[in-house]
Amino acid sequence: MEEDRVVELANHTVLITKEGQERSVEDSAAPIRDRQGVLLGAVLVFRDVTEKRRLTSELAHQATHDALTGLPNRVLFMDRLGHEQAQTLRRERLLGVGLLDLDGFKQVNDRFGHAAGDVLLQEMARRLLDELRSGDTLARMGGDEFGLLLPDMERIEQVEGVCARLLEVLRTPFQLAGEDIPLSGSVGLTSYPLDDAPPEDSLRHADLALYTAKAAGKDRLQWFEWPMDQLQIERMEVYKMAEAALNQGRLLLHYQPVVEKTNGPVAVEALLRLDHPERGLLPPAAFASALDAPRLARRIGCLVLESALAQAEVWHRQELPLRVSVNVSAYHLLDQAFLSDLQTALDAHADLPASAVEIEITETAPLQDFARARETLLACNRLGVRIALDDFGTGNASLTYLQKLPAQTIKIDQSFVRNILHDPRDHAIVAGVVTSAHLLGLQVVAEGVETAGHADLLTQMQCHCLQGYAIARPMAPELIPDWVNRYKPIFQK
């Protein structure tokens with residue numbers, strides 16, 4: 001009281017009520033003096049701040065933790081990553097840095113709803129925590145992606161052992177709505193200080209490794225390797241090149257004819273080209289990684305649909321009734337807006353029959369979400385649009401697709417067609433596919449027809465629709481009418 005003012009006392013005071021409850025209080029003391037200024041005593045003031053401190057604690061926790069799982073969030077993960085890197089150097093140990101992602105979680109959300117997906121994520125977090133040490137960190141980075149910090153490791157094999165256990169527990173089916181839901185996970189890893197990158201780059205390296213694990217078939221762990229970083233740089237350059245071409249109107253279509261032995265030219269496949277200011281006209285292989293990029297796939301897909309249908313409509317008005325085949329990326333096909341995009345393109349070109357439009361897909365989209373892909377393709381059929389399975393024979397699930405997907409055409413991949421004249425195995429594969437397709441009532445197109453000998457052998461095998469360099473190379477749209485008028489069959493027999 002010598003200071004002659006109100007004094008704040010200890011700010012962590014706790015009082016116990018007569019019921020035995022703890023209450024957090026803030027207290028202060030103020031002096032009491034008489035008229036002559038003589039100190040008579042003090043007034044103690046207590047304020048109950050239990051609720052205030054509870055809310056403050058909750059806000060602090062929410063800022064650093066995930067609301068659904070209670071795990072650390074990205075902010076706290078990055079803070080711990082920096083701290084653990086410093087500790088690792090002092091201890092001369094290894095720090096495992098990883099990103100773990102569920103395989104197939106999107107299908108769970110689509111089938112059972114987001115509430116069920118949240119329950120699954122909570123169960124997943126519990127399972128993973130049970131396999132980790134008290135000093136390890138499991139954080140939810142967003143969606144179904146989780147961060148891992150495995151400090152104080154002596155050998156790389158220890159990090160791999162922990163991650164192998166995590167992947168194993170994820171393989172145990174999850175229970176949802178009374179059903180066993182089989183899932184798996186993929187892990188991308190890097191280690192500090194073998195990879196002595198700063199925290200942000202360490203996480204990026206783990207993400208690159210995770211991307212590689214997914215691309216390699218999922219349900220596995222993958223270590224970061226420095227070529228991945230260079231590959232990512234190159235992929236970003238390709239992305240920028242494709243985006244610039246899209247924005248500047250330098251993406252265009254060329255068309256490769258498809259012919260029948262008896263009816264001649266019956267269709268064309270629309271093939272994307274990039275008109276580069278320095279490198280000239282580039283084929284899709286030069287920018288393929290950008291075609292399924294989330295921010296570009298739909299924009300490019302809409303451009304291709306609009307351009308191809310507009311051109312086909314022009315040909316039909318010129319009494320050149322060619323069917324046009326359009327390649328659709330997996331990302332665009334599985335986008336909820338795809339059917340709307342297709343309908344918009346069809347409506348904009350009402351003079352073009354829907355039956356003159358064919359959507360070509362590879363097995364990439366069905367592998368990602370078979371149910372949604374099938375539902376979308378059925379809807380395309382209801383619009384009158386045909387479906388073609390492209391690159392047939394190159395994937396593991398092709399025979400299943402023949403049975404379950406609503407396709408009208410299959411296109412035998414050129415890798416089989418190219419050697420049918422000399423390789424009995426390729427000959428047998430093509431013959432088997434053609435026979436199976438006919439039994440199912442499907443049209444067959446052989447890609448990669450390079451010689452008249454190929455054409456003759458394929459027609460003997462009852463494959464009457466052919467496409468390849470022996471017939472015509474892809475060409476600009478204005479060249480198609482003259483080529484059709486001048487077309488001469490290459491068949492020798």
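1. Quick term first: two strands count as paired here if DSSP finds at least two bridges between them. On that basis, this predicted model has an open sheet of 5 strands, ordered S6-S7-S5-S10-S11, and the pairing is mixed. At the edges sit strand S6 (137-142) and strand S11 (221-223), each of them pairing on one side only. Going from one strand to the next, the twist averages 25°.

2. Have a look at the S5/S10 pair within that sheet. Strand S5 (residues 94-103) and strand S10 (residues 184-192) run antiparallel, with 9 bridges joining them.

3. Helix H2 (residues 74-91) lies across S5, S6, strand S7 (145-153) and S10, and its direction is at about 20° to S7. Helix H6 (residues 199-215) lies across S5, S6, S7, S10 and S11, this time running at about 145° to S10.

4. On to the second largest pocket, which holds about 310 Å³ of space. Its lining has 15 residues, and those nearest the centre are Asp110, Asp369, Ala371, Arg372 and Glu375. Helix H3 (105-112) and helix H13 (370-382) are the elements that give two or more residues to this lining. H13 supplies the largest share, 6 residues.

5. What is the lining of the second largest pocket like, in terms of nonpolar, polar and charged residues? It splits into 5 nonpolar, 4 polar and 6 charged.

How values were computed:
Residues are numbered from 1 along each chain as its sequence is written. This is a predicted model: local features need pLDDT of at least 70, side-chain atom pairs count only at pLDDT 80 or more; totals for chains, interfaces and linings use all residues. Side-chain values use heavy atoms; hydrogens and water are left out. Helices (H or I, at least four residues) and strands (E, at least two) are DSSP runs, numbered from the N terminus. Axes are lines fitted to C-alpha atoms, for helices over the stretch in contact, and angles run from 0 to 180 degrees between N-to-C directions. Contact means heavy atoms within 4.5 Å. On a 1 Å grid over the protein atoms alone, a cavity is a set of points where a 1.4 Å probe fits but cannot get out, and a pocket is an open set with protein on both sides within 12 Å along at least five of seven lines; lining residues have an atom within 4 Å of a point. Grid points are joined across faces, edges and corners, and a volume is the space filled by probe spheres set on the points. Ala, Val, Leu, Ile, Met, Phe, Trp, Tyr, Cys and Pro count as nonpolar, Asp, Glu, Lys and Arg as charged, and the others, Gly among them, as polar.
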